[in-house]
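My entries follow in the order in which I looked things up.

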Amino acid sequence: MRITNNMISDNASMNINGNKIRVDADNTRMTTQKKIDRPSEDPVIAVRSLRLQTSLAKINQYYEKNIPDANSWLDVTETALLNIKDIMTDVRTLCVKGSTDTLTEDDRKTIYDQLQALQKQCFAEGNASYAERTVFTGFRTDKNLAFMDEDKNTRYNIQEPLVATDMVKSRFYTNKVDLPSNATEVDRLNPNDPNYVDPEKMTIDESDYYKLRLSYNLENVSGTGEDTLTAIHFRNPKSDGSTVENCKIDWGNGSATSTSQIISYTSPTGLDSTVSTYQTITPDPVEYTEGAVNTIYQFENESDWAAWSKMQAPTQDEIDAGIKVDENGLSKVKYVPSDAIVVIKETGELVFGENVATYLMNNKKVIAADYTKAGFHEGELRPEYYFDSTLTKNEKGVDKDVNGKDLAIKYDRYTQSVNDAGKTVYTPMISYSIDYTISQNQTLGVNLEANQCFDHNIYQDMDDMINSVSLAMAAHDKYDKIKAMMGEEQYQAPPYPELLEGWLKLAEKEMDYFDDNMSKLYSETLGKVDRYLGKVTLSITDLGCRMDQLKLTEKRMSDQQEAVEELKSENDNMDLSEIIMNYTSSYTAYQSSLVAAGKLGEQTLLNYI
Amino acid sequence: MSSTFFGLTIAGSGLNAFQASINTTANNIANEETEGYARQKVVKEAAGALRVWQKFGSTSTGVVASSIESVRDKYYDDKYWINQGDYGYYDKKQYYMQQIEDYFNDKGGTAPGFSTIFADMFNSLEGVQTAAGDLSHRTEFVSEAQKMVDYFNNTAVRLENLQSSINDEVKTTIDQVNAIAQKIALINKQINVIEMQGGIANDLRDSRALLIDDLSKIVRIETDEQKVRNTNNPDIYTGATTFTVKINGQTLVETFEYNPLECRTREDKYNQSDVEGLYDVVWKKSGMKFNVISKNQSGSLKALFEMRDGNDYGNLRGTFFATESDTTTVSLINPSISKVEYMSLPEKGVITVNNTQYHYDSFSAEYRTKEYSVNGEIVKLPILYDEAGNEIGYDDEGHPLEGGGTPIIDKYNFHLTTGIVGAKLTQYDGMTVTVGTSISTKGVPFYQNQLNQFVRAFAKAFNDIHEQGEDINGKQAEAFFVAGNSMDGTQWKFENQRTYLNGEYDDGTTQSYGVTDENGNHIPSYKIGVLNDPDSNPPIMLDNYYQLTAKGMGINSNIKRDVNMFATTAKIANGIDNNELVRGLLSLESDTVLFRGGGADKFLQCIYADVTVDAQEADVFSGNYENILKQIDKQRQSVMGVDEDDEAMDLVKFQNAYNLSSKIISVLAEMYDQLILRTGV
C-alpha cells in the first residue's frame with residue numbers, strides 16, 4: 001500500500017487524540033474517583049448506584065432522623081411516667097400515713113395540703129410534650145391531656161362504662177353537730193329550752209351501701225345546671241374485652257318516665273334551710289328488661305339525699321338488714337331502697353340498693369352511664385381520651401359556628417357493631433398509635449396513650465381522700481372548740497358545764513366516726529393506689545422494652561448504613577491506586593505518542609538530494 | 001530519410017513534457033495540504049512514429065504529454081460516501097442522546113436527578129408520618145414535592161427546547177442540502193464547458209467530490225455520471241457528461257438542474273407534548289413529502305428526525321368507525337391506548353386513514369359503559385375493572401364497589417375541520433386510523449410521553465388516596481397534584497373524576513363519574529375530552545388527567561398557600577397526628593405498581609434502560625463508523641494523496657529528464673556545428 005506523509009501524520013494525530021481521550025477519561029476518574037461519569041458508560045453500575053443511593057437515603061432517614069426522634073419521644077414519655085410514679089408513691093405514702101389513727105392536727109393539715117397539690121399535679125404531668133407535641137394524647141398531640149386551668153364553658157356528653165365488680169361498700173353518714181357559738185345556742189341541749197334539740201337528731205349515724213363512682217362529679221362547675229345523668233345502659237362483658245348491650249334506662253330522650261320533685265328541709269337547729277329538687281326515674285318496662293331496678297333517684301348532693309331519706313319508710317326486710325328507723329318507721333340514716341339506684345350528682349356517685357348491687361355483681365354487668373358534664377376543674381382529664389364522648393360546647397362556650405353549623409365533635413374509644421342477635425357490641429378501639437418507621441418494614445409505636453398508663457379513677461380517689469380528711473379535720477375542730485368553750489368563764493356556771501359535756505360527747509362521736517372513716521378509706525385506697533402504681537410501672541417496663549427494641553434496631557441500622565455505604569463506594573468509586581496506575585500508563589502512552597509524532601517529517605527525501 | 005533536425009524536435013518534446021511534469025509536481029506540492037485535492041499526474045505517451053523510408057523503418061518522434069489526470073478511484077469514493085451516511089447518522093444521534101442522557105443523569109448531591117429528588121420527597125413524607133400535625137414537617141414535604149414537580153417541569157421544558165433546537169437544525173441542514181445541490185449543478189456546467197473543449201476539469205471535479213463528501217454525511221446519496229455521446233454517431237464522445245445525484249431514490253441534481261427541498265411548518269402537532277412549528281420536509285417543486293425516516297436511509301438528517309419525532313409507536317391507532325349522519329365527527333374504535341394516563345394524542349392534530357390526512361380540532365374519549373340502576377334510575381356508567389381485569393359494579397347509589405377501579409376507553413371521537421364525504425365514510429369503515437405518526441425510535445416525544453405517563457399515574461394514585469382525607473380543619477381534601485390550565489392560568493383539580501370512597505360530596509351528589517351542570521347538579525358522564533361541546537350528551541368532562549403533563553404539573557395552589565390543607569387522615573377528629581393516609585401514600589414509593597410494571601421509584605431505572613441502550617448504540621456505532629471511515633479514507637488517500645517523497649523523487653526524475661533533453665539539444669547543436677561548419681568546408 002502506498003503511504004503518503006499526510007497519512008502518517010493523520011495517523012499520528014489520530015493516535016495522539018486517542019491517547020488524549022484516555023488521559024481525559026482517567027483524569028475525570030481521578031478527580032471524581034467515580035468509575036463512570038454518565039449512565040451509558042456502564043448502565044449496570046449506574047442502575048445499581050441509583051438503587052444503593054435510594055437505600056442509603058432511606059437508611060439515613062431511619063438512622064439519623066426517625067430513630068433519634070423516636071428515642072427522644074420515648075425519653076420524654078419515660079420522664080413523665082417516672083414523675084407520675086413519684087406522685088403515686090407520694091400518694092401511697094400519704095395513704096399509709098392516713099390509715100394509722102394517731103394523727104395530729106398538723107398531720108391532717110399536711111395530708112390535706114399535699115393531697116390537694118398532688119391531685120393538681122398528677123395529670124399535669126400527663127400534659128408532658130416533646131417538641132410541643134403532647135405525648136399521652138394519641139394522635140391529638142396538639143391538645144392537652146388534662147385541663148390546664150379551670151374551664152367553665154366546655155361541655156361534653158360522656159358515656160362511661162362502669163364495671164359492677166368494681167363496686168365497693170362505702171360508708172355514708174347522717175346527722176352532724178351544729179357547733180354552738182354562744183350561750184343561747186349551747187342551751188339548746190337543755191330540755192327546758194324552748195329551742196330544744198333532741199341530741200338524737202345530731203348524733204352521727206352510718207349506713208353502708210355499694211357504690212360506683214363516675215369519673216367526673218356532676219357538680220355544676222359551669223353554674224348553668226346542665227350537669228346530669230341521662231341514661232344507664234346494662235351490658236354483658238365478653239372475654240375479648242367487648243361488651244354487648246342488653247338494655248337501657250334512658251330518660252334523657254324520654255323513653256323512661258322521669259319526674260322532678262321539690263324537697264325542702266331545715267337543719268335540726270333551724271339555722272340551715274334549703275329547697276332543692278330531685279328526680280325520680282321509673283324504667284319503661286318494655287325497654288328495660290333486666291329486672292332488679294325499679295326506680296332511680298337523682299339528687300343534687302348528699303344533704304338532699306339525707307333529707308329525703310328521713311321521709312322514707314324502709315321495708316321490714318331492709319330494717320332487718322340493718323337500716324335504722326325511728327319510732328314512726330322512717331329511716332334514720334341515708335337510705336337506698338333495695339331495688340333502687342341513688343345518684344348523687346355532686347360526688348358523681350351511683351349508690352346501689354341491696355338487691356340491685358347483688359344482681360349486678362353476681363351477673364358481672366357492665367353499666368354504662370350517659371351524662372352531660374359542663375365545666376371542668378384544673379387538672380381533670382379530658383374525657384375524649386378515656387370515653388366515647390361528644391364535645392358539644394368548646395372552651396369559648398360556643399356550640400355553633402357563624403353559619404349555624406353544629407360544631408359538635410364526636411370522639412370514639414369504642415367501635416359499635418351489631419351481633420347476630422341484633423344487640424349492639426362495643427369493642428374498645430385499637431389505640432391511636434403513632435408509628436415511626438425505624439427500618440425497612442419495621443415500625444415502632446412510640447406513644448403510650450393515657451388510658452394505657454394511668455387510671456382515670458385516681459383523681460376521684462384523691463377527691464375522696466381530701467373529703468374524708470377535711471371531714472375529720474372539721475370534726476376535730478368542733479371537738480377542740482367545745483373543749484375550749486368548756487374552759488371559758490361564761491360557761492362555768494351550771495347548767496353549762498353539763499350541757500357542754502353533752503355537746504362534747506356528740507362531737508366526740510362524730511370525730512370518732514370520721515377518724516375511723518378516714519383510716520378505713522385510706523387503707524382501702526392504698527390497695528387502689530398500688531394497682532395504679534402497678535399500671536404505671538407496667539407502662540414504664542413496656543416503654544423500656546420499646547427502647548431496647550429501638551436500641552437494637554439502631555445498632556442494626558448503623559451496621560446497615562456502613563454496609564450499604566461500603567457497597568455503594570465499591571460500586572461507584574475507583575480504587576485510587578488503580579486510577580493512578582491507569583492514569584500514569586495513559587499519560588505515558590500519550591507522551592510517547594507525542595515524541596513519536598515529533599520525529600515525523602523531520603527528514604524527507606529532499607534533505608538528501 | 002528523416003530530417004536532420006528531427007532530433008531537435010524530439011528533444012523539444014521531452015523538454016515540453018517534462019516542463020509540464022515539473023509544473024504538475026509543483027502543483028501537487030502546492031496542494032499537498034488542500035482538502036479534497038487528488039494528486040495529478042501527466043500522462044505521457046510516446047508520440048506517433050514517423051515513416052522515414054529507411055531501412056530501420058520508422059522512427060519515434062518523442063513524447064506527448066497527452067493529459068493531466070487526477071489519480072482517484074471511484075470505488076473508494078462510493079464506499080466513502082455510503083459510510084459517511086452511517087457515520088453522520090450515528091454521530092448526530094450520539095450528540096443528542098448525550099444531551100437527553102444528561103437531562104436524566106442523577107449525580108446525587110451535586111446534580112440531583114429523579115431518584116435523589118424522589119427519595120428526598122418520600123423521606124420528608126416519613127417525617128410527616130412521625131408528626132402529621134407538625135407544620136414544619138408538612139412544609140418540608142410540600143417543598144420537597146414542589147422540587148419533584150420542578151424536576152418534571154424542567155425536564156419537560158428542556159426536552160421541548162431540545163426538540164425545537166433539533167427542529168432549527170433541520171432547517172439549517174435542509175438549507176445546506178439545497179446549497180450543496182445548487183453548487184453541484186453549477187460545477188457540472190463548468191466541468192462540461194471545460195471538458196467539451198477537451199481535457200479534464202480536475203480541480204472542479206475535486207470540488208464536486210468534496211461537496212458530495214459533505215452531502216453524503218447528511219443523506220444517503222447515489223451518484224451517476226454518464227458520458228454524452230453524439231446521438232448520430234454513438235462512437236463519438238462529445239466530451240460532455242451528465243451527472244445525477246439522488247437522495248432517497250429521488251433526484252436532487254440532474255446535471256445543470258437541481259431540485260430544492262423545503263421546510264414546511266406543520267399545522268398540527270403529532271404528539272401531545274410536541275412544540276409548535278415543527279417542520280416537515282417537502283420537495284419544493286412538487287410539494288411531495290420527502291420521507292427522511294425510511295429503512296434504507298441514513299445520514300444526520302435521519303438522526304435529526306428520529307430524535308425530534310421518535311415516539312416508539314406510542315401514538316394512538318385504531319379502527320375507523322363512522323356514522324353516516326355526521327360527517328364531521330368520526331370515531332376510532334379498538335384503540336391502541338385505553339387509559340387516560342397513556343393518552344399521547346395532541347388536542348388538535350391529524351388523523352391518517354387510507355393515506356389521507358384529516359385535521360381534527362378537538363376530540364373526546366368514551367369509556368366502555370354499561371347500564372346500571374342508580375337510585376331507581378337506569379344510567380349509563382363506565383365499567384370499572386380491577387387489576388386482574390374483573391368488572392367492579394356500583395352500589396344502589398352509584399358508588400363503585402370494592403373501593404373502585406379503572407375505566408377503559410374504547411372509543412375516541414374526532415371533530416374534523418373538513419368533513420368526509422359519505423362515500424368515503426363507507427370506504428374507510430374498518431380501515432386503520434393513525435393519529436400523528438408512528439416512528440419506531442425513541443426520541444424526544446417518547447421521553448415526553450414517558451414523563452407524562454409517569455406523572456399521570458403517580459399523581460392519580462397520590463390524589464386518589466389524598467382525596468379520601470380531611471385537611472386539618474376537617475374539610476374534604478382536594479387533589480394534591482394538579483394540572484396547570486394554560487388557557488386561563490387556573491388549575492385542573494380533577495374534581496369530576498374523584499373515585500367515590502369517602503361518603504358524599506359537599507353537594508350531596510352520589511355519582512362518581514360525572515360533571516356538574518349550571519345548577520350544581522351532578523350528571524353522570526362517561527366522556528372525557530378537551531372541548532366543551534355543549535350539545536354532547538352526556539356532557540364531556542374537561543377536568544381529567546389528560547390535562548396533566550410533566551410540563552404543566554403543579555401542586556394545588558391552596559395547599560401550597562396553606563400546608564394544613566394537606567390531608568393525612570380521613571378522620572381528623574381522632575387527632576392531628578392521625579396518619580393512616582400517609583401510610584398509603586408512602587406505599588406509592590415502591591410497593592405500588594405504577595409505571596411499566598414496577599414501583600414509582602423504578603422510573604429512572606426504566607428511563608436509564610432506554611437512554612443507555614440508545615446512547616450506547618449511538619456511541620459504539622459512531623465510533624465504529626468513524627474507524628471504518630478512517631480506513632476508507634486511508635485507502636482513498638493512499639491513492640489520491642500527495643506524498644512529499646514521491647514528489648521529491650519526481651522532481652529529481654523530471655529534472656534529470658529535462659536536463660538530459662536539454663543536453664541532447666546541446667549535443668545536437670555540437671553535431672550541427674560539426675556538420676555545417678566543419679564538415680562541408
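Entry on the helix pair. I looked up the handedness of the crossing of α1(A) and α11(B), and it is right-handed. I note that the model is a predicted one.

Entry on the contact residues. From α1(A) I list M7(A), N11(A) and M14(A), and from α11(B) I list K630(B), K634(B), Q637(B) and S638(B). Sorted by class, this contact has two nonpolar, three polar and two charged residues.

Entry on the sheet. I traced an open sheet of seven strands in chain A, with mixed pairing and the order β4-β5-β12-β11-β10-β9-β8. Why is one side of β4 and of β8 in chain A left without a neighbour in the sheet? Both β4 (168-174) and β8 (257-266) stand at the edges with a single partner strand each, so one side of each has no neighbour there. On average, neighbouring strands of the sheet are turned by 35 degrees against each other, direction ignored.

Entry on one strand pair. I checked β11 (residues 340-344) and β12 (residues 349-352) of chain A, which pair in the antiparallel sense over four bridges. Within β12(A), F352(A) is the residue opposite I341(A).

Entry on helices at the sheet. I recorded that helix α6 (residues 302-309) of chain A packs on the sheet, its direction making about 85 degrees with that of β8(A). Helix α11 (residues 496-572) of chain A lies across β4 and β5 of chain A and runs at about 160 degrees to β4(A).

Terms used: Residues numbered from 1 in each chain as written. Chains lettered and ligands numbered in written order. Predicted model: local features only at pLDDT ≥ 70, side-chain atom pairs only at ≥ 80, totals over all residues. Heavy atoms only, no water. Pairing = 2+ DSSP bridges. Helix = DSSP H or I, 4+ residues; strand = E, 2+ residues; numbered from the N terminus. Axes fitted to C-alpha atoms, helices over the stretch in contact; angles between N-to-C directions. Contact = heavy atoms within 4.5 Å. Left-handed = near helix turned anticlockwise from the far one by under 90°. Nonpolar A, V, L, I, M, F, W, Y, C, P; charged D, E, K, R; others polar.
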